[in-house]
Amino acid sequence: MDILVNVKYCYDFLINQVPVSLILYSHIPTALVAILFGGYVWIRDRRIQSFTLFAVCLCFAAWCFLDLASWFAFLGSDKVMFSWSLVDLFALLFFFFSYYFLYTFTTNNDLPLWQKLLCLLALSPTIIWTFFGHNLTSFDANTCEAIEDELIAIYPYYVEGIFVVVSIFFSIFQYRKTTEKSKVLLSSIGIITFLFFFFSATLSVNLLVNYAAVESAYNYEIYGLFGMPILLIYLGYLIIKYKAFDIKVFTTQGIVATLITLVASQFFFAQSEAAIILTGVTLLLVIIFGRFLIRSVRNEIESRELIQSQKGQLEKANERLKVLDKQKTEFVSLASHQLRAPMTAIKGYITLILDGDYGELQEHMKEPLRRIYSSTQSLIQIVGDFLDVTRIELGTMKFTFSDFDFKDLVKDVVNELTPNIEGSKLEFKLETPDAAMPLRGDAAKIKQVMNNLIDNSVKYTKQGWVHAKVEQLGTKYRFSVQDTGVGISPEALPKLFAKFVRAENANDANVIGTGLGLYVAKQMIEKHNGRIWAESDGIGKGSTFFVEIEAGK
Amino acid sequence: MHKNPTYLILLITILISTLIWYRFNDFVINKNFVINVAVNCNTEIEQCFVSDCNTEIDSECDQEPYKKISILKKYAPACLEEHSCENFKCSDFQSCMEINCSEASLDEGEICSSESSDNEPDFKLVKSTSTVTK
């Protein structure tokens, strides 16, 4: 400080009035926080309300530094005259920009031209007086203060008062008109409090100096600076709560910037060398950790935003896929339906030919025709599966419920499959109880499931036996079919009843399949509130398929 | 939403920059302003000001006689602001004005020294004030 003292008399005069550290502490951190806040907002968001806020902060900070310099008469009377002459102009400028900010922030529109011109007109006398230096008459070396022209000095207070009143009326008008009431209320309270604090403090000082001649009246001026932190708190809350200015990670950056400013301001009070070093080290640590903290928070927010954006894209893609899947299902349904009719005709005519309805068949033609018949039968089965799947997915499968005997139904299935069973040369056994097993359900669908399970066991068993069993377990009927076939791996078991799934070893048995049969069977049994599952000790160790249905349903 | 009002930024920046530069040039470089200062006054030969206070009641009461000097900063000696000039005389400097005590020049809390032999008001212009702007 000593190296800055050009006029020792004024330095001694000042320290008798007010502690220098208090003036520094009240002006510099406030000005720095205002510049950082305004600058940060403007860098992040280049809209007009950000510019006007930046202008408020910049003019306020300029006012702080000019006011500070005017306190420091020990720098020399020329510097005091220079800074003091500009103080009123910058005060008026930030009053103007505060109103400008309030207007743009609450309306999202630029200030109308007529209002800009009116404001400029109100400011112009001070601009002219400042330009020609008429606002200061001389420098009083006895009190180390510039002497203001009383009439010219009072003019800015009238203009500031008008800005406060206009801001209040505009806020009330805008609050009644807008739907964003909280936003208008918070920003208005922030701006009006800021302006009112400043206006009342500086006006009081002026009145005390000029009319009451109170000694050290300028000391009270520092209380006017408290309005700025209040404004910044309100704006910070608006940014966090309403995403004003489109700013992210503001909370962290705001906290870090405030911490840095507060720690840095401790330099004003650090008297000893040790205290200065400790403050410096603390400041350095706060800067380093603050930087890490901001970076990590920003990364986290960016990751969250990326995930959010990808989630949105996935949802859209999923919706599109659902539409496509439905279209595909409808297409398959249509195609399958169109295929089944001609294949049924082929099968019918081959049956007639084989039965000799078109004349005696030559011996060497019988085997090829039987193969055509068998392949057509397989194709009809496949097309039937496709149709069932599409009906299930489209929710158009119809169930016709009736009362029938479950045991008799299984026996019918076995009878129908007897040619296949006999052709396979497997030992086949069906165990059924003597008692009747009444069941209410769609007999055709249950029959289709039983057919599928027994036929599968026969197809996938090259040698050994197939045992089918029907039994009653409490209130449930259980059908099971056990074989000594290819078996199922433990990995394949859980997904065996899914669509288009076949066990890895299914192809080894030379069986043509689509992987839809068990899926269709599961859907049909579940429609009867039943359960279907499979058990196997592993590949090559056979398997058992179970169906359980509630008795009497 | 409106973009930044470029013309307004430009206008205000030019206006303020010009104004700042003009004031800086006038006050800091040319030191073209008046400073008022109280200097020692010899009551034997001049009508001097003294503070209107009581040394018995007010411990800070200083009843040293003084006269008021108004001088353009650019011509003022450094000792003037430090209040360390001995026997300062305006006649030695340009654009300097010496104000001795009179009824017209009295401010609140001041009285004229009673020792003066001459009761005529003294607002003695030592040199021409034509160069003084304020």
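Me: When do two residues count as in contact, and how many residues of chain A are in contact with chain B?
Reply: Two residues are in contact if their C-beta atoms, placed from the backbone, lie within 7 Å. This is a predicted model. Chain B brings 29 residues to the contact. On the side of chain A, the number is 28.

Me: Which element of chain A gives the most to the side that touches chain B?
Reply: Several elements give two or more residues to that side of chain A. They are α1 (8–17), α3 (48–71), α4 (77–107), α5 (113–132) and β1 (136–140) of chain A. One of them gives seven residues, the most: α4(A).

Me: How do the residues on the side of chain A that touches chain B divide by class?
Reply: Take the charged residues: there are seven. The polar ones come to nine. The nonpolar ones number 12.

Me: Which residue in β1(B) is the bridge partner of D140(A)?
Reply: Start with the strands. β1(A) pairs with strand β1 (residues 34–40) of chain B. The pairing is parallel and has two bridges. The partner of D140(A) in β1(B) is N36(B).

Me: What is the order of the elements in chain B, from the N terminus on?
Reply: Chain B has two helices and five strands. Buried residues make up 27% of its 134 residues. Read from the N terminus, its elements run α-β-β-β-α-β-β.

Me: In chain B, what share of the contacts with a separation of 6 or more comes from residues 24 or more positions apart?
Reply: Count the contacts in chain B with a separation of 6 or more. Then pick out those between residues 24 or more positions apart. Their share is 66%.

Me: Are α4(A) and α6(A) roughly parallel or roughly antiparallel?
Reply: α4(A) packs against helix α6 (residues 150–177) of chain A with the axes 10 Å apart. The angle is about 10°. Angles under 35 degrees count as roughly parallel. The two helices are therefore roughly parallel.

Me: How many nonpolar residues are in the contact of α4(A) with α6(A)?
Reply: Among the residues of α4(A) in this contact are L92(A), F95(A) and F96(A). From α6(A) come, among others, V159(A), F163(A) and F170(A). By class, five residues are polar and two are charged, while the nonpolar ones number 12.

Me: Which strands stand at the edges of the open sheet of chain A?
Reply: The sheet has five strands, in the order β4-β6-β7-β9-β8, with mixed pairing. Its twist averages 15° from one strand to the next. Two strands have a single partner each, so one side of each is left without a neighbour in the sheet. These edge strands are β4 (427–431) and β8 (531–536) of chain A.

Me: Which residue of β6(A) stands opposite K429(A)?
Reply: β4(A) runs parallel to strand β6 (residues 465–473) of chain A. Five bridges join the two. Opposite K429(A) stands H467(A).

Me: Which helix packs on the sheet and touches β6, β7 and β9 of chain A?
Reply: Helix α12 (residues 406–424) of chain A also packs on the sheet, but touches β4, β6 and β7. Its direction makes about 175° with that of β6(A). The helix asked for makes about 20° with β7(A). It spans residues 443–459 and is α13 of chain A.

Me: Which residue takes a positive phi in the hairpin of β6(A) and β7(A)?
Reply: β6(A) and β7(A) run antiparallel, joined by eight bridges. L473(A) has K476(A) as its bridge partner. Two residues lie between the strands. The phi near 65° belongs to G474(A).

Methods:
Residues numbered from 1 in each chain as written. Chains lettered and ligands numbered in written order. Predicted model: local features only at pLDDT ≥ 70, side-chain atom pairs only at ≥ 80, totals over all residues. Helix = DSSP H or I, 4+ residues; strand = E, 2+ residues; numbered from the N terminus. Nonpolar A, V, L, I, M, F, W, Y, C, P; charged D, E, K, R; others polar. Pairing = 2+ DSSP bridges. Axes fitted to C-alpha atoms, helices over the stretch in contact; angles between N-to-C directions. Buried ≥ 20, exposed ≤ 12 C-beta atoms within 10 Å, placed from the backbone. Parallel < 35°, antiparallel > 145°, perpendicular 65-115°, else oblique.
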